Amino acid sequence: MHDAVVLAGGGARRLGGADKPGVRVGGRALLDRVLGACVDARTTVVVAEPRTTARPVRWAREDPPGAGPVAALGAGLCRVTADTVVVLSADLPFLGADTVRRLLAALDGQGAEGALLTDADGRDQPLVAAYRTSALRRELAALGAKHGGLTGLPLRRLTAGLDLTHVPDPVASFDCDTWDDIASARARIREHGHVLDEWISAVKDELGIDLDVDTGTLLDLARDAAHGVARPAAPLTTFLVGYAAGRAGGSPEAVAEAARKATALALRWADEASETGETAETAGKADGTAPGAAPAPGQPDVAPDATPDTRPDAG
């Protein structure tokens, strides 16, 4: 079991003093994106002024506010009890729970005192790391005694005394220090290989849903409903599956069972249509949902073989 400390203070000077943890990437605040990676933590402490977050957290603040990352980390450690702590900055748009798990596995596997991500240039990222809590407290106490406090101390002074192992990850270690970084992050999540996962994560955060489901199964169901019944059947069917799963308890298993039943129904529907020579397109003609121009509400459809108006001024 581990705890997490997220450092979300700082002046964000390179962002013109903007509220960096609240800047949105993919429709989600940077802080909320990082908190999503802490889903396995027993306790998550955010060192900053309290604000609304997508997940429940505990709050801490360095004294004085703005005293720097070492002081902030010291304040956060006062609120954790686990033997292992994940330490993160609040500006990591591509950090996920899987990366946090890799850091924890590296920490345990190597028997080190800390496991840090390294970025694309091979540089250590001490604020994307997992540590032995006792080792951090030891070094913080030594630094405080030597310097008369922790205010203004750089993180390298803290990590210099630790036995560290490294986990390369140029994507998860990407942090947003400038508006160009923000623009790059926003562009990346809209790339074809990322956009669907990003959208689903954003929707779950917005709706307060913490549920992992097989999205492939739901997409297959939507395809079968669209092809075997009619195109508008796809979104309506997936909505009804979600509703049924919610009534059945809302677990991943409930979603899978509701999707299984709806898929079987869609396939039976398609089989019957094929036996009578009907297709999803011809079935949709009756209500104007087939491909092509749909009639406006309350307006009559135009038959596909209607004779066009050939008057000179027509059109």
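Me: How many helices and how many strands does the protein have?
Reply: Of the 315 residues in this predicted protein, 41% are buried, and among the contacts with a separation of 6 or more, those between residues 24 or more positions apart account for 66%. The count of elements comes to 11 helices and nine strands.

Me: Which element gives the largest share of the largest nonpolar core?
Reply: This core holds 28 residues, and those that touch the most other members are Val6, Leu31, Val46, Val86, Leu88 and Leu95. Two or more residues come from each of strand S1 (2–7), helix H1 (30–36), strand S6 (84–89), helix H3 (97–110), strand S7 (114–118) and strand S8 (124–132). With five residues, the largest share belongs to H3.

Me: Which residues does Val86 touch, not counting residues up to four places away in sequence?
Reply: Val86 is one of the residues that touch the most other members of the largest nonpolar core. With residues up to four places away in sequence not counted, Val86 touches His2, Asp3, Ala4, Val5, Val100, Leu104, Ala129 and Ala130.

Me: Is H8 parallel or oblique to H9?
Reply: Helix H8 (residues 215–228) packs against helix H9 (residues 233–247) with axes 8 Å apart and at an angle of about 135°. An angle over 145 degrees would count as roughly antiparallel and one of 65 to 115 degrees as roughly perpendicular, so the relation of H8 to H9 is oblique.

Me: How do the residues of the contact of H8 with H9 divide into nonpolar, polar and charged?
Reply: On the H8 side the contact has Leu218, Leu221, Ala222, Ala225 and Ala226, which meet Ala233, Ala234, Thr237, Thr238 and Val241 in H9. These residues divide into eight nonpolar, two polar and no charged.

Me: Is Asp224 buried or exposed?
Reply: Asp224 lies in helix H8, and with neighbours within four places in sequence left aside, Asp224 is in contact with Val229, Thr263, Ala266 and Leu267. Its relative accessibility is 15%, and because buried means under 20% relative accessible area, Asp224 counts as buried.

Me: Is the crossing of H2 and H4 left-handed or right-handed?
Reply: The axes of helix H2 (residues 69–77) and helix H4 (residues 133–147) come within 11 Å and cross at roughly 130°, which makes H2 oblique to H4. The contact involves Val70, Leu73, Gly74 and Leu77 of H2 together with Thr133, Leu136, Arg137 and Leu140 of H4, and its residues divide into five nonpolar, two polar and one charged. Whereas the crossing of H8 and H9 is right-handed, that of H2 and H4 is left-handed.

Me: What distance separates the C-alpha atoms of Arg58 and Thr44?
Reply: Arg58 has its place in strand S5 (residues 58–60) and is partly exposed, with a relative accessible area of 47%. Beyond its neighbours within four places in sequence, Arg58 is in contact with Thr43, Thr44, Val45, Val46 and Arg79. Arg58 and Thr44 are 14 residues apart along the chain, and the separation of their C-alpha atoms is 6.2 Å.

Notes. Residues are numbered from 1 along each chain as its sequence is written. This is a predicted model: local features need pLDDT of at least 70, side-chain atom pairs count only at pLDDT 80 or more; totals for chains, interfaces and linings use all residues. Side-chain values use heavy atoms; hydrogens and water are left out. Axes are lines fitted to C-alpha atoms, for helices over the stretch in contact, and angles run from 0 to 180 degrees between N-to-C directions. Helices (H or I, at least four residues) and strands (E, at least two) are DSSP runs, numbered from the N terminus. Angles under 35 degrees count as roughly parallel, over 145 as roughly antiparallel, 65 to 115 as roughly perpendicular and the rest as oblique. A crossing is left-handed if the near helix is turned anticlockwise from the far one by less than a right angle, and right-handed if clockwise. Contact means heavy atoms within 4.5 Å. Ala, Val, Leu, Ile, Met, Phe, Trp, Tyr, Cys and Pro count as nonpolar, Asp, Glu, Lys and Arg as charged, and the others, Gly among them, as polar. A nonpolar core is a set of buried Ala, Val, Leu, Ile, Met, Phe, Trp, Tyr and Cys residues joined through side-chain atoms within 4.5 Å. Buried means under 20% relative accessible area, exposed over 50%, partly exposed in between (1.4 Å probe, protein chains only).
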